[in-house]
Every structure is written in C-alpha cells, then in structure tokens.
Amino acid sequence: MQFLSFSVLGASTALALLLPLADSPAPVRPALPVQGAQPDPQVIAQFGLLDNTKLQAYIDQKGMQMGRVSDRPADVKGFTVVDSPVINAFATPDGHVYFTRGILAYFNDEAQFSGVLGHEIGHITARHGQKQQTRSTIAGIGLILGSVIAPRVMQSVGGVVQQGVGLGLLKYGRDAENEADVLGVKYSSKIGYDPAHMADFFLTLSRTEQQSGAAGVPTFLSTHPNSADRYQRVKKLAVTAEQQAGRQLAINRDQYLRLIEGLPYGDNPREGYVENSVFYHPDLKFQFPIPQGWQSQNSPSQFQMAEPNGKAVQILLPAGNKGLDETAQALAQQLKLQNAQAQKTTINSFPAVVIQGDQVGQDQSGQQGITASTLTYLIQDGQTIYALVGLCGPGTLGTYGSTFQRTAQGFRRLTDAAKINRQPERIRIRTAKAGQTLASALAANGIPSKRYEELAILNGMKTTDKMTSGQLFKVVGK
C-alpha cells in the first residue's frame, strides 16, 4: 500500500471510487477508451508502476517490435510493468499489455518472455477482451473480497469494489486460450525467438500454483486457464514455426537474467507488510493488528481484511486532509448511513472520530432496506486522515463490532527500527561452478534449505540438476 493514488482526494471522492453506494445497480462496464501508450489509471491504482527504466524500455522495444508484425498492429497500444509480486500478465480491452514484476522474476530467458508477450498480444489482436466485455463477464482482480464476502455484504462491499477497481482482467475460455497460444507462437517466432520456451514456462507456472495452493489474488493460470494438452500442443506449434523460420531461433538466457538483476522479489515491505498478524507500514510509520484468522490483501490504494467465512470486512484507505468533522459528514453521506452516530475520541494520541450506522439501499431482491451495518474509525495523523471502514451483515455489528474496534484501537505509531528498516528481497544473478547441482550452488550462496524448492521453481530447474561452469542462475537476497 503506497497510498499514492487516493491520498489527495477527499473522503467522499475516495470512497466513491472504492465503496460505491449499495443502491447503485452494477452497470455494464463500457469499453475502455483507447488511451494510446498510457496505462489504465485503475490498473496503476491497483498495482502501482514499477520504477525500472531499463526493464520498461526493454518491454516497450520488444512489444512495439511484435506489435508491428501482429495481425492488427493498430490494436496494440502500449506496454507497462506494474509493481506487483503476483505472477501475472494481462491485456486490457483497450490494447494495453501489462506485466507484473512477479512474472518477470520467473522468466528465465528472452524466449519465455517473448512467448507470453505474444500470447497477450494475441488476446488483443483476436479481440478476445472486447468480446468478453460485451458479454459483461468482467472479473475483478487483486481483491479477496469478491470471493470471500457473503452475498449480503458482498452487495454492499465486494461487488461494488470489483466494479470500482475491476481492471478488465478477463478469464478466457479454452478456445480463446488456444488461439492466443497459436498467435503467441506465431508472433514470438516472427521476431526471432524460440516459441518452445513458452511451453516450458507453462510448466513453471504450474509448479508455482502447486506450491502456493489457493491464493487470494488471481495468477496467470487462474486467469488464463491451463489445459492438460497445452504444453504438448505449444511444443508442436513451435517445431513447425522453427521449420518455417528456416533458422535456429533465439533463447537469450544470459541476456535476460542480466536484465532482471536487482528486481524486487515478493512483497515489497516499504509499501506495508504483514507479520505475526500485524500490518506494518515503514514509510508511513504506523501499525495495527489484523483480526486473528482473517485474510488480508495489500494494494497501492488500500489494505483489506476479510473474515474467513465472508461475513465481515474492514478496509484501511486514505480519506484526504479536510479535517475530521468534514470527512465524517462526507463519509456518512457517501455510505448512505441511516441514523449515523459520530463521536470524537483519541486513539493512541491520534485524534479520531467513530461513526456507526446502517447502510440503506436495495437488497438482492430489489427491496429497499438495510444492506450492511458499519463501524468506521477516522484517524488523523498530521494532515492525513485514514479511514478504517468496517462493514458486516445487517444486525451483526454486535458480533463484529468489537473486532473492528480492537483493530482501530491498535492503530499506533511504528517506532521499531527493525520493522521500519525492512527492505525487499531482490533477484541476484550468480555464476555456477563446474559440477555443482542447483542445490549445492544455492547452499554455497547462503540460501537456507527450506527455500531450495522455491528457488528451483524460480530458476525453472530441479534442485538435482547439474550446472555447467559459468552458468548463470538466480538467488534472492536483500
């Protein structure tokens, strides 16, 4: 959570984006406007931009080169690297391709990157996104709310949050995925890369999903469904493409690995991190507890906590700098609170306001009534106001109110230097010695044995694989 996207907005505006009123029917999202090379602001609000001019220039160059040889060059608009550890790449219906830094960390050569780039451009040129969009099957991404909030609270919170920051990340069917694979092979081989390595990368993706289990945030294979025969099919397509090319196509392993040296790996603690059921924000210097057993999800614009059975949610987001009284009034109006009660208080030396009320709107049957109970804390830190918005099903505040209260009352200044100075891990490129296995090479670089399998997947290898003298491989470190 960088709090870059909404920190200058008043509470009314910020909450309008993130918590639209429950009685507003979910609209059919119109086609995104063509934005040229500019990324969608909603994508950037969700993920943030990666500050790496070298990688961005590389992706611009390869993307434009591939766009020119595609079937619809005019449809391919731009390329952006976003600052997310999630392993994903996606194309929005406006013709923009996004790579997360998470997926870039897992590529092991330029050919793998090129294959996935071609696959995403294939979705654009085959206009899969536009076809999905007209069927109103937009999927919200990056939010645990859509999958864990119970229907009544979901209407009040999860569904509208998805509408607010749904990014047009679409889950394609098998036919669309097959077509994008065919086009990915075609386009990557056209610019000189071996498309067989795209198939190899699908194996890496499968291993990451098996290792992580069910995750809160959609990854590549959950938004681009895998099929049992996908690997073999892409391998066969690649053989044909290489025969047609009449030459050996490039892999460029070392060039790619040198390119990602220093790339942040995993969560970036500078934007906030969870440890032992506490959320810490080193740059903004605050901390607060997470309810025991609740799921949490961090993004550049908000931090979400959800009860595991989907019956309540608490969200931290910036609420501007217009003063507590004005912000409280705006929030109560924005959430359409009935019988709202506000009370001034102090939380660990921070001025604060507590707002309790019932949110009114249309329920799932279309009847007017109470759609959620709310308990919100506005906490002022200097000129900045944070909103801890708690919502639960109608009449259940007696069950969840004390949980919302404990979280808010635990909001305090972060002073622990060890927590404040936490730095992200980064990809480091090392050189193997003759006769080393990957496991022995990792051991020689100080990697603990419990992380060998994680690093083997990151390298697209097995821990027992023998390495040659001078072979480059990845480790992670501060």
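Is N276 buried or exposed? N276 is exposed, with a relative accessible area of 72%; here buried means under 20% relative accessible area, exposed over 50%, and partly exposed in between, with a 1.4 Å probe and protein chains only.

## Ground rules

This is a predicted model, in which local features need pLDDT of at least 70 and side-chain atom pairs count only at pLDDT 80 or more, while totals for chains, interfaces and linings use all residues. Residues are numbered from 1 along each chain as its sequence is written, and side-chain values use heavy atoms, with hydrogens and water left out.

Helices (H or I, at least four residues) and strands (E, at least two) are DSSP runs numbered from the N terminus.

## A three-stranded sheet

Let's begin with an open sheet whose three strands come in the order β1-β3-β2, with mixed pairing; two strands pair if DSSP finds at least two bridges between them. Both β1 (78-82) and β2 (89-92) are edge strands with a single partner strand each, so one side of each has no neighbour in the sheet. On average, neighbouring strands here are turned by 20 degrees against each other, direction ignored.

β1 and β3 run parallel and are joined by five bridges, with T100 of β3 as the bridge partner of V82. β2 pairs with β3 (residues 96-100) in the antiparallel sense, over four bridges. Across that pairing, F90 stands opposite Y98 and A91 opposite V97. The hairpin of β2 and β3 has three residues between the strands, and G95 takes a positive phi near 90 degrees there.

Helix α3 (residues 53-69) lies across β1 and β3 and runs at about 150 degrees to β1. Helix α5 (residues 110-125) packs on the sheet, touching β1, β2 and β3, and its direction makes about 145 degrees with that of β3. Contact means heavy atoms within 4.5 Å, and the angles run from 0 to 180 degrees between N-to-C directions of lines fitted to C-alpha atoms, for helices over the stretch in contact.

## Nonpolar cores

A nonpolar core is a set of buried Ala, Val, Leu, Ile, Met, Phe, Trp, Tyr and Cys residues joined through side-chain atoms within 4.5 Å. The largest one has 64 residues, of which F99, I103, L104, F107, F113, Y256 and I427 touch the most other members. Helix α5 gives the most to this core, with six residues.

Leaving out residues up to four places away in sequence, I427 touches partners including A105, I260, L263, Y265, L458 and V476. Another core, of 24 residues, lies apart from the largest one, and F288, W294, I347 and A408 are among its members.

## Two asparagines with positive phi

N276 has a positive phi of about 50 degrees although it is not a glycine, and it lies in the loop between β5 (273-275) and β6 (278-281). N252 has phi near 55 degrees, also a positive value in a residue other than glycine. N252 lies in the loop between α13 (230-245) and α14 (253-259) and, at 25% relative accessibility, counts as partly exposed.
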